[in-house]
Amino acid sequence: MATCPPYPTHPTGPPGGALRHAHWWQRWGYPLWGRVRYGALITLLALSGLVIFALVREQTGTQGFLVGLGLAVLPVPLLIAAFRWLDRVEPGPWRNLLFAFAWGACAATLIAIVANSFATRWIATATADPSSADTLGATVIAPVVEESAKAAAVLLVFLFRRRDFTGLVDGVVIAGVTATGFAFTENILYLGTAFGTDQLTGDSGIASVTAATFFVRIVMSPFAHPLFTVLSGIGFGIAALSGDRQRRRRVLLPLSGLLLAMGMHAMWNGSSAFGPYGFFAVYAAIMVPAFGLLTWLVIWTRQRELRTVREELPAYAVAGWLTPGEPFALSSMRARRLARQYARRHAGKRAAREVAQYEAYATSLAFLRHRGRRGRAGADFGVREQELLQELWRRREVARPALDHAARATAPPVPVVAAPWPMYGVYGYPSQPTYQPYPAYPAGPYPAHNPYRS
């Protein structure tokens with residue numbers, strides 16, 4: 001159970017926990033192993049990418065590949081921006097998103113093409129009925145293989161980037177970006193093949209197969225693959241909120257999400273079997289409502305995260321780590337944006353980045369404390385808390401003026417009333433703060449110059 005943090009003391013070195021006290025061979029070996037691991041992962045993804053794009057180019061031809069690539073890339077920036085927007089409260093590192101997209105576009109699609117082709121061919125040979133094999137492959141084999149391949153990226157981040165995977169939004173973002181990469185490569189294949197068909201038949205314009213494929217896959221359902229895989233991500237996200245002792249729940253929830261993703265994917269692929277209007281019926285009755293429900297769930301979770309920030313950070317303001325206005329400013333997306341703009345206007349882009357990092361570390365601290373109060377923080381709670389506090393303290397002279405300005409600019413004009421700790425929002429912004437001044441720190445490696453002071 002987490003308690004109120006102690007009064008600030010001078011940080012005693014860089015974050016890093018146990019590695020700071022490790023033997024020399026442990027300090028030398030850890031980054032070496034990390035470099036080897038990252039090198040192997042990058043090599044694997046690069047080779048997968050080369051193989052999968054060579055296969056797609058062979059099937060579509062060079063001209064079809066280039067047309068498919070140009071059309072398939074159109075929804076990618078919008079989808080990535082949407083998932084990044086959902087992750088603005090506690091933004092995860094870009095390297096996780098790059099890995100997720102690369103896995104979906106390269107490794108997952110290669111697995112899917114190889115496994116789907118092998119399974120469909122085996123069924124066709126065993127049953128001597130190629131048409132039934134194609135139907136079975138599309139409605140059963142493809143959903144199982146593709147959703148499993150995409151969920152593997154979420155599992156890897158969940159296992160090896162556990163600090164970056166703390167809740168439902170993280171699961172949704174990683175799963176959605178992975179599926180966006182998968183859909184990107186798949187769309188190149190479908191659109192390139194459609195273009196090749198039009199080249200053979202001489203069709204062009206709205207009546208062409210390329211136009212119909214573009215309308216169905218890019219205009220009507222760019223969110224289809226992300227919607228399926230997000231169900232797996234939700235399972236992992238809820239599992240991340242579970243305690244370490246709830247092992248059965250941490251296993252069953254991701255499996256349940258994966259099964260739901262497979263089921264919805266199978267229904268989507270099998271919609272053509274429901275008659276000439278089956279696709280539109282499934283789209284209107286299932287896909288659109290499911291998309292709306294999941295969108296509401298993620299936005300509601302984001303608002304809940306902001307409430308968690310407002311509820312947990314005042315304890316650190318009482319202890320002197322934060323100013324009384326920061327819990328309110330950090331729990332408002334508008335105030336955060338104003339703080340970054342203020343820093344950029346008065347001290348440049350580097351200061352704005354420092355403020356953004358301060359906001360991210362403070363949010364992580366609030367979530368860590370929230371998990372600690374619920375008994376789900378893990379054995380490294382104290383080490384992780386000290387690391388985050390040190391990161392905040394290093395950026396305090398840049399971030400505090402900006403957040404103070406944002407808090408004053410966004411605080412609602414309501415009377416100040418007694419509160420268990422100095423805070424804002426419903427309590428207003430007092431014109432004469434009553435908190436104690438911050439203690440004087442001994443000289444250290446922290447900058448004493450205030451960039452907002454001339």
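Helix α4 spans residues 130–160, and Lys150 and Glu147 both sit in it, 3 residues apart, or about one turn of the helix. (Helices here are DSSP runs of H or I with at least four residues, numbered from the N terminus.) The side chains of Lys150 and Glu147 meet in a salt bridge, at 2.8 Å from N to O. A salt bridge here takes a side-chain nitrogen of Lys or Arg within 4 Å of a carboxyl oxygen of Asp or Glu, and by this rule the count comes to 13.

All of this comes from a predicted model, where local features need pLDDT of at least 70 and side-chain atom pairs count only at pLDDT 80 or more, while totals for chains, interfaces and linings use all residues. Residues are numbered from 1 along each chain as its sequence is written, and side-chain values use heavy atoms, with hydrogens and water left out.

Next comes a helix pair. Helix α5 (residues 168–201) packs with helix α9 (residues 278–312) at an angle of about 135°, their axes 9 Å apart. α5 and α9 are therefore oblique to each other, and their crossing is left-handed. On the α5 side, Leu168, Val169 and Val172 meet Leu297, Val298, Thr301 and Glu305 of α9. The residues of this contact divide into 5 nonpolar, 1 polar and 1 charged.

As for confidence, pLDDT (the predictor's confidence in each residue, from 0 to 100) has a mean of 82 for the protein, with 82% of residues reaching 70 or more. pLDDT stays under 50 over residues 9–30 and also over residues 415–454. With contact meaning heavy atoms within 4.5 Å, the model has 29 contacts beyond four places in sequence for residues 9–30, and 73 for residues 415–454.

Conventions
Axes fitted to C-alpha atoms, helices over the stretch in contact; angles between N-to-C directions. Helix = DSSP H or I, 4+ residues; strand = E, 2+ residues; numbered from the N terminus. Parallel < 35°, antiparallel > 145°, perpendicular 65-115°, else oblique. Left-handed = near helix turned anticlockwise from the far one by under 90°. Nonpolar A, V, L, I, M, F, W, Y, C, P; charged D, E, K, R; others polar.
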